Amino acid sequence: MKRKDILGIKDLSRSEINELLSTANVMRDMIDRSEKSNALRGKNVTTLFYENSTRTRNSFELAAKNLGASTTSISVAVSSVQKGETLVDTGKTLDALKTDVIIIRHQVAGSCDLLASNVRASVINAGDGMNEHPSQALLDGLTAARYFGSLAGKKVVIVGDIKHSRVARSDVRLFGKLGAEVTVCAPYSLLPDGMDSLGCEVDCDFDRAIAGANIVIPLRVQKERMDGAYFSTREEYHEYYGVTQKRLELCADDFIVMHPGPINRESEISGEVADGKNSMILEQVQNGVAVRMAMLQLLTDGRD
């Protein structure tokens with residue numbers, strides 16, 4: 001991979017996505033055999049998270065350690081950011097400390113691009129505002145591809161809080177580039193303007209949208225990004241947009257359910273579905289480590 005940074009799915013070609021997924025498959029086999037590598041021995045990887053995270057941060061740190069890298073985790077709450085240090089100055093400090101890869105999550109869209117343009121280190125976007133979350137989309141793609149093989153012609157339905165979701169934007173781009181047919185579904189209040197410009201269908205009727213679906217991805221309602229009421233009650237939302245076992249009867253016979261986490265049971269997804277035989281949620285967690293190992297290795301190989 002001949003690029004310095006991974007900032008969004010919109011920047012990646014189909015061949016780059018396939019290279020990442022192919023490498024991630026190799027990494028997943030290593031994980032299943034409890035093997036580790038020294039491919040990143042001597043490299044320094046830093047996680048710089050301005051927002052809370054459990055899965056993504058731990059997954060990146062585990063991925064780096066599996067490849068033999070040294071890792072540093074910066075908690076912004078107790079860093080010099082609280083003294084007024086800018087993002088660029090923080091990045092330059094990490095550069096001076098000979099950091100090879102900076103993995104950043106930030107509440108402002110475009111912050112990762114700003115950092116990448118001002119540092120020598122490779123930058124990986126671990127989520128920026130309501131813009132993109134490329135590693136989540138890649139692990140979703142890997143999970144689906146390991147189950148179905150080719151994703152060409154598969155119907156993907158993403159339902160829930162599309163308006164505030166960086167995962168939705170990255171998933172639409174990734175599944176579209178892999179040949180799938182993508183529909184996003186939400187109440188009008190949770191649909192952003194111009195979503196169809198990303199190459200997906202837009203629907204407000206979940207029962208209609210889910211008919212014949214191969215892959216169903218419910219999204220958490222992101223209350224922390226909301227500035228008002230977007231629907232009346234949690235019970236009403238679950239009735240019309242919740243992924244339930246009854247509603248899944250409308251899907252194709254070979255359907256799977258994924259979720260970027262954390263899940264809110266009996267809100268966007270029922271507990272029965274989350275724990276059911278068609279749920280790939282825990283598989284996604286394992287594939288997340290593999291995908292992030294692939295991202296780290298391909299970026300550092302390209303720089304060398």
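**Starting from one loop**

Modeller: Let's begin with Ser 34, which lies in the loop between α1 and β1. Before going on, keep in mind that this is a predicted model, where local features need pLDDT of at least 70 and side-chain atom pairs count only at pLDDT 80 or more, while totals for chains, interfaces and linings use all residues. Residues are numbered from 1 along each chain as its sequence is written, and side-chain values use heavy atoms, with hydrogens and water left out.

Ser 34 is not a glycine, yet its phi is positive, about 60°. Why is that worth a glance? Because most residues other than glycine have a negative phi. Ser 34 is exposed, as its relative accessible area is 67%. (Exposed means over 50% relative accessible area, buried under 20%, and partly exposed in between, using a 1.4 Å probe and protein chains only.)

Step back from Ser 34 and you're at α1, the helix that Ser 34 follows. Helix α1 covers residues 14-32, which is 19 residues, and reaches 27 Å from its first C-alpha to its last, close to the 27 Å expected at 1.5 Å a residue. (That expected span is 1.5 Å times one less than the number of residues.) Several α1 residues are buried, among them Ile 17, Leu 20, Leu 21, Ala 24 and Arg 28.

What does α1 pack against? One partner is α5, at an angle of about 70° and with the axes 10 Å apart. The axes are lines fitted to C-alpha atoms, for helices over the stretch in contact, and angles run from 0 to 180 degrees between N-to-C directions. So α1 is roughly perpendicular to α5. (Roughly perpendicular covers 65 to 115 degrees; under 35 is roughly parallel, over 145 roughly antiparallel, and the rest oblique.) On the α1 side, Ile 17, Leu 20, Leu 21, Ala 24, Asn 25, Arg 28, Asp 29 and Asp 32 make the contact, and α5 brings Leu 138, Gly 141, Leu 142 and Arg 146. (Contact means heavy atoms within 4.5 Å.) By class, the contact of α1 with α5 has 6 nonpolar, 2 polar and 4 charged residues. (Ala, Val, Leu, Ile, Met, Phe, Trp, Tyr, Cys and Pro count as nonpolar, Asp, Glu, Lys and Arg as charged, and the others, Gly among them, as polar.)

Now follow α5 to another neighbour. Helix α5 (residues 134-148) also packs with α6 (residues 166-177), at an angle of about 50° and with the axes 8 Å apart. That makes α5 oblique to α6. The crossing of α5 past α6 is right-handed. (In a right-handed crossing the near helix is turned clockwise from the far one by less than a right angle; if anticlockwise, the crossing is left-handed.) Pro 134, Gln 136, Ala 137, Leu 138, Asp 140, Gly 141 and Ala 144 of α5 meet Val 167, Ser 170, Asp 171, Leu 174 and Phe 175 of α6. Sorted by class, the α5 contact with α6 has 7 nonpolar, 3 polar and 2 charged residues.

Helix α6 has 12 residues and reaches 17 Å from first C-alpha to last, close to the expected 16 Å. It's mostly covered: 10 of the 12 residues of α6 are buried. One of them is Phe 175, which counts as buried at 0% relative accessibility. Phe 175 touches Asp 140, Gly 141 and Ala 144, and its list also includes Ile 215, Ile 217 and Met 258, leaving out residues up to four places away in sequence.

Is Thr 46 buried or exposed? Thr 46 counts as buried, at 2% relative accessibility. Thr 46 touches Thr 72, Ile 74, Leu 94, Thr 99, Val 101, Ile 102 and Ile 103, again not counting residues up to four places away in sequence.

Key
Helix = DSSP H or I, 4+ residues; strand = E, 2+ residues; numbered from the N terminus.
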